[in-house]
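Dear colleague,

Please find the structure below. My notes on it follow.

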Amino acid sequence: MNRDRINRLLNQVPVHVIVLLTILIWIVPTLGLLVTSLRPPEAVRTSGWWTVINTQNAGGPYAQHCAACHGADGRAIPQADLTNPELIAKYPRSLQLLALLRKEINGQPHMGDNPLPSPQEAAEIATFLRQGEQTGSQFTFDNYIDALVGYRGQSTYRADCAAGTQPPDIKCNLSDILNPRGMGRAFINSLLVTLPATFIPILFAAFAGYAFAWLDFKGRFLLFALLVGLQVVPLQMTLVPISRFYAQVGLNGTFLGVWLFHTGFGMPYAIYLMRNFLGTLPRDLFESAYLDGASHWTAFRQLVIPLAMPAIASLGIFQFLWVWNDLLVALVFLGGTTPVMTYQISNMVTSLGSGWQVLTAAAFLSMLLPMIVFFSLQRYFVRGMLAGAVKG
Amino acid sequence: MATPQDISKPATTPEVAVRRKPSKMPSATPQIMKQGPLTPWLYLLPALLVMSFFIVYPMINTVALSFGNRDGTASAATTCQEDRPCWGVFENYRYALTAEFNTSSPQAFWNSFWSSSYGNTIKWIFVMVFGTVSVGLAFAVLADRVKYESLAKAIIFMPMAISFVGAGVIWKFVYDYGTQQNQIGLLNAIITAFGGEPVAWLSTTPINTFMIIVVGIWIWSGFCMTILAAALKSVPDEILEAARVDGATEWTVFWRIMVPIILPTITVVVTTMVINVLKLFDLVYVMTGGNFQTDVIANRMYTEMYKNFNVGRGTAVAVILVLAIIPFIYFNIKRFMEQEATR
């Protein structure tokens, strides 16, 4: 290694540090969401999600303060078996646990010469002991089940159903997946909203894009310039008249109303993208097709649609993510009658009826499909964006 | 930014900033093709129908409704109260523009302005646009020099796929304000670990607005990065190499060569971001609901319309929002005309 190479490597270090640090900042919040959604409710309430790393290795504060006498598995002192649920249930929180630790046992301080654990540590010990009693594991899928069926009780869906103490809206059979308060139903609703609201605009935009790119008519340029302007009109500007109209004709709360609204609103950007793409197709192609006697309709069906697949893919991903992630339109036109996932989550956040563990599981469920679409079709997404993403 | 060629080329080399002379865009149907006078309009019909009904007509109607009362049945002038200032048919605008302000003294006005939805929207525009563009640009430049470039970019870009609602939940959890002993929110846990006092990030003014803006930056930086990275790839290597050979530092190369070349793209990204910020509603709605002086114009429109059920005031706020966006509509059309002219 000569000095030059070492210097170059050293110069690279700050770049790597900054890039990796940024990646870390970008990933950690989402990671916290994922980890939390997999933890038992008690653990989520009493300790941060990052503590899963400690407890896995050493049992955290338990190993530090208790394991010496009680043993790593808690069974070392038979009179105080820490795996006994009845014993543990007497000390649900740090306060009770600390009170016990301050008392003397057989005339000796409980902790001997060692210092008492801090309140934070005591809370973690209490959680640790309870987890051992509850599931034996620090990870669980219960939160996802609770989120899917819309369970809002104090325990978990599975525990409640086993004990027969479930809330009135839970039936403890397969029909729970369609509970209107659950994310399972919301997932289906989101799909029912999103698929047509993605397909219809693409179809209409392909028609219009073909006309703008390959047909001659008066006002073509002006109309298209108007379209470019319409791309940035805010949603808020059009909501009120449409929701008043929908209320009159009974389209409020229907899928049809939302499909039509998303179609209308997604149109300017979709046409813009389509026309720009179709305009780049080679002219000879069309000329030879027309020479062979093809009509515009044949050319459109057999030439344009297959060739426009990259643009259709870009547009499809854009529109899909836009509709799937939309809250405002769903809030105004669907509301609680046919809740979609974003609505359901925003409801859980603002009313805070359920704990973090269910909320995080619900949020992760709603992110699942967009993530899959995004990571498998990222290339098309980026292209669509580069081709003019002024829509937000 | 949007030349039609971008989409047809491999994603690695889209040329965004540097205008090339593309092959002549076909301006009309080839002459040999017969075309009835109605044919184009048949193709346009579905699109034009939905657009006029869902965008054009509602815009006009919104303007009309903004001069009406709370259910659109009478003029806004009828809602005026005696002994109170009144702007006649512009009464809703008087409410929308002045209700949040305390005009008892210049100092009170200044304070109330910066805690109003207008002041907050201005904070959003400046901090978020500056944040997203600088993070995006910096990351585009730096990620270009590491081997794991595509992975790094995918991670920064990922929040674009998540809904604002999902992002709101993610960050609300990071900002969680627990009890004195027990912090389950990451940010407060870090602060208490270093011996600090936990902060109620989302209900303490004025930092709460900035905490929500951070979430916005987290979401949108990937967008800016992707577009700016594509522009940077189009900067000719020879120029950069020549400058380096002449002894220019990386810092100089960045500020004196890269930035000026991609300046048109930066302008486009900035205007796009300003529009996005003006429309942004979901984040504020989910994270604070506009409480604790975090309201923005877009959320205020929702509050007036769907919580207070006041059609006149809600639409007036919407019109103010669109007035703020009109310069950008003009800018967009102008840019489009220029692009067409270079074809």
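**Notes on the predicted model**

A:Ala362 touches A:Ala147, A:Met183, A:Gln344, A:Ile345 and A:Met348, leaving aside residues up to four places away in sequence. The model is a predicted one.

A:Ala362 is also among the residues with the most contacts inside the largest nonpolar core, alongside A:Ala205, A:Ile271, A:Met274 and B:Leu228. That core has 182 residues. Its main contributor is helix H9 of chain B (residues 207–233), which gives 17 residues.

On the contact between the chains: 96 residues of chain B are in contact with 96 residues of chain A. On the chain B side, helix H2 (residues 39–65) gives the most, with 17 residues. The residues of chain B that touch chain A comprise 71 nonpolar, 20 polar and five charged.

As for chain A as a whole, its secondary structure amounts to 21 helices and two strands. The globule rule gives 21 Å for 392 residues, but the radius of gyration of chain A is 30 Å, well over that value, so chain A is more spread out than a compact globule. The C-alpha trace of chain A spans about 105 × 75 × 35 Å along its principal axes. Of the 392 residues in chain A, 47% count as buried. Taking contacts in chain A between residues at least 6 apart in sequence, 73% join residues at least 24 apart.

Regards

Terms used:
Residues are numbered from 1 along each chain as its sequence is written. Chains are lettered from A and ligands numbered from 1 in the order in which they are written. This is a predicted model: local features need pLDDT of at least 70, side-chain atom pairs count only at pLDDT 80 or more; totals for chains, interfaces and linings use all residues. Two residues are in contact if their C-beta atoms, placed from the backbone, lie within 7 Å. Helices (H or I, at least four residues) and strands (E, at least two) are DSSP runs, numbered from the N terminus. Ala, Val, Leu, Ile, Met, Phe, Trp, Tyr, Cys and Pro count as nonpolar, Asp, Glu, Lys and Arg as charged, and the others, Gly among them, as polar. The radius of gyration is taken over C-alpha atoms; the globule rule is 2.2 Å times the number of residues to the power 0.38. A residue is buried if 20 or more other C-beta atoms lie within 10 Å of its own, exposed if 12 or fewer, and partly exposed in between; C-beta atoms are placed from the backbone. A nonpolar core is a set of buried Ala, Val, Leu, Ile, Met, Phe, Trp, Tyr and Cys residues joined through C-beta atoms within 7 Å.
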